[in-house]
Amino acid sequence: MNNIYLYTLVGVGLFSLGLYALIVHAHLLRKILAINVMGSGVFLILVALANRTYGTAPDPVPHAMVITGIVVAISATALALALTLRVHTETGRVELPEESLE
Amino acid sequence: MEAITLLQLIFDTLLGFTLLWLAWQALSSPDLFRAIVLFIAFGLLMALTWVRLNAPDIALAEAAIGAGLTGALLLSALARLKAKNSATIMTEQVKNKPLFWLLLTMLSLAVTSGLAFSVLTLQENSPGLSIWVLENIETSGVSNPVTAVLLNYRGYDTLLEMSVLLVALLGIWSLGGVPKRHDSFPGQILNILIPLLVPLLIMVAGYLLWAGAHAPGGAFQAGSLLGAAGILFLLVGWQFGTQFMGLPLRIMITFGLALFIAVGVALMLFGNQFLEYPSSLAGSLIFLIEAAATLSIGITLAALFLGGRPGLRRHK
Amino acid sequence: MTLLIDILTSLLLIAGAVFFLGGTIGLFRFPDVYTRLHALTKADNVGLGLMMAGLSLQADSLATVGKLLLIWLLVLLASASVAHLIAKTARQRGIEPWKQ
Amino acid sequence: MEILYLSIALFLFSTLVVGLWRILHGPTSADRMLAAQLFGTTAVACVLLLAQAFEYPPLRDVALIFALLAAVSAIAFVRRAWAAEEKK
């Protein structure tokens, strides 16, 4: 089972991609997608590493954590989308106002 | 190398690279609709990845949520934003600031290499808690180890996770009423398809709930299917009666959490710890809690999709 | 006997894969959304159907065959409905069918 | 037989990767959605082949869920996203 490290590295890559996009993009919908990709990266690392029980079934504890995480992620996404839509109705914009540093 | 190992290696490599590429395309696509469709495809491949990683319970959850909820949520939100053209705005700091780009690239590289290093230097053989889980599986009341962890050993997690669902719903409800929309007539096809699909969804949800005790499945997967059924109803614009939207809705949404806490407290009255099931009753108690949780999770997810507090009209 | 069944399964699976390939090529090459719909439903209906037939031959119980059949029927139902909905909406939105 | 199942699963997965081209290039939203629809069907076939190859029946439930929910995203697209595009 050498795919453990392959998938772990893919998880790391997804996390970094998501982090990068989260910082670069101002559009709120894109930020929501970016956070979801980061989350998927974390889940992937957890589950891939749960396979390090050579010969026996994988460790069920990370599996349970990830199932919980998926449901939390979707509810957080729904809330974030509702907030985005509210920002849009109030201000007509799809990004948050920038705070000026002066 | 054996042919089977080789084939699996090719499959995994292709899957891994496609995942990364899809994520990159979805996050950098100038067209938001395209980004969302790519993200839906990404969810599909994640489910395949869980299959490859021996995690069928997660594959079921990802399939149910990815196919049934995420796409519908994102597409409905996009429909209401109607601002596709402003899609590639960058944050203020990024525009015309080469120094910031440099810093950001360095940060990303540092995060990636740091994480990769720490992950690759982990112990190669680490069973984690799986030994304890398997040793105590007989007293847990179920034979699927993932369900045992979720509902017995780490029942607190599940309890708090259901509270998170509830808090998210409260957050949405505090933002105002259900957005007004004028749904067109769904048409004959949907009027035939939806009444066929919904009973099947409910049936399969029941099957997954029952199977969860001894095989992959359980309350979250079953609840997600119920949520998808609710979303189908909402998508064709069928209205639930207003008498359902008041107290009955609130009772059903909180029922799962309330029963969970009630069982925990009742066990304390009999001299156990909070949520410490006696092993003779564990199986039945877990099933009872899971059944209530399935109903509540399903209705909460559908209510999240509704996007506002029913019965309250947004004035605008 | 097992050998015969294995050969039959292989043939059915390969035939199914060919239809999936056809669906993908159609999606890739056809000129407009209506013709692509046409290509797509071949993969859904025939491709998956042949695969289901092939896998059913290897199934250990009737329940498994039933589940495979149910999955196939569900995909048929979904793809036929979706194809219809998309074609109808495309017409309403004024996307012209491709003419030589 | 395992080799056959795995090879066909791999083959189907590669057709899926090729199909990504249609999501990227559209041109209309309907084309992108169609490609996603084909992905769903391909994933069903892939998962069933893997279930057979590794003789692990619970994977069939994953395929069953994919099949049950295959239409949801497309219905959301037709009923919501596409309808909104029209008003612009």
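Is B:Trp210 buried or exposed? B:Trp210 is exposed, with a relative accessible area of 51%; here exposed means over 50%, buried under 20% and partly exposed in between, with a 1.4 Å probe and protein chains only.

## About the model

This is a predicted model, in which local features need pLDDT of at least 70 and side-chain atom pairs count only at pLDDT 80 or more, while totals for chains, interfaces and linings use all residues. Residues are numbered from 1 along each chain as its sequence is written, chains are lettered from A and ligands numbered from 1 in the order in which they are written, and side-chain values use heavy atoms, with hydrogens and water left out.

## Aromatic pairs

Let us stay with B:Trp210 for a moment. B:Tyr207 and B:Trp210 form a tilted aromatic pair, with 6.3 Å from centre to centre and 35° between the planes. For the terms, rings of Phe, Tyr and Trp (its six-membered ring) pair if their centres lie within 6.5 Å, and planes under 30 degrees apart count as stacked, over 60 as edge-to-face and the rest as tilted. The two residues are 3 apart in helix H8 (residues 188-211) of chain B, so about one helical turn separates B:Tyr207 from B:Trp210. Helices (H or I, at least four residues) and strands (E, at least two) are DSSP runs, numbered from the N terminus. B:Tyr207 itself is partly exposed, at a relative accessible area of 27%.

Over all chains, the count comes to 7 aromatic pairs. One of them is formed by A:Tyr20 and B:Trp24, again tilted, at 6.4 Å centre to centre and 40° between the planes. This pair crosses between chains: A:Tyr20 sits in helix H1 of chain A and B:Trp24 in helix H1 (residues 3-28) of chain B. B:Trp24 is partly exposed, with a relative accessible area of 37%. Ring pairs also bring in B:Trp101, linking A:Tyr20, B:Trp24 and B:Trp101 into a cluster.

Chain A has 3 helices and 0 strands, giving the pattern α-α-α along the sequence. Its radius of gyration is 17 Å, well over the 13 Å that the globule rule gives for 102 residues, so chain A is more spread out than a compact globule. That radius is taken over C-alpha atoms, and the globule rule is 2.2 Å times the number of residues to the power 0.38. Along its principal axes, the C-alpha trace of chain A spans about 55 × 25 × 20 Å. Of the 102 residues in chain A, 63% are buried.

How do two of these helices meet? Two packed helices are described by the angle between their axes and the distance between the axes. In chain A, the axes of helix H1 (residues 3-24) and helix H2 (residues 28-49) come within 7 Å and cross at roughly 160°. This makes H1(A) roughly antiparallel to H2(A). Axes are lines fitted to C-alpha atoms, for helices over the stretch in contact, with angles from 0 to 180 degrees between N-to-C directions; under 35 degrees counts as roughly parallel, over 145 as roughly antiparallel, 65 to 115 as roughly perpendicular and the rest as oblique. The crossing of H1(A) and H2(A) is left-handed, meaning that the near helix is turned anticlockwise from the far one by less than a right angle (clockwise would be right-handed). By class, the contact of H1(A) with H2(A) has 19 nonpolar, 4 polar and 1 charged residues. Here Ala, Val, Leu, Ile, Met, Phe, Trp, Tyr, Cys and Pro count as nonpolar, Asp, Glu, Lys and Arg as charged, and the others, Gly among them, as polar.

## Chain D

Chain D has 4 helices and 0 strands, and reads α-α-α-α along the sequence. With a radius of gyration of 16 Å, well over the 12 Å that the globule rule gives for 88 residues, chain D is more spread out than a compact globule. Its C-alpha atoms fill a box of roughly 55 × 25 × 10 Å, taken along the principal axes. Of the 88 residues of chain D, 76% count as buried.

## Loops with positive phi

Most residues other than glycine have a negative phi. B:Asn54 has a positive phi, near 60°. B:Asn54 lies in the loop between helix H2 (32-52) and H3 of chain B and is partly exposed, at 36% relative accessibility. D:Glu55 has a positive phi near 50°, and its place is the loop between helix H2 (29-53) and helix H3 (59-68) of chain D. At 61% relative accessibility, D:Glu55 counts as exposed.
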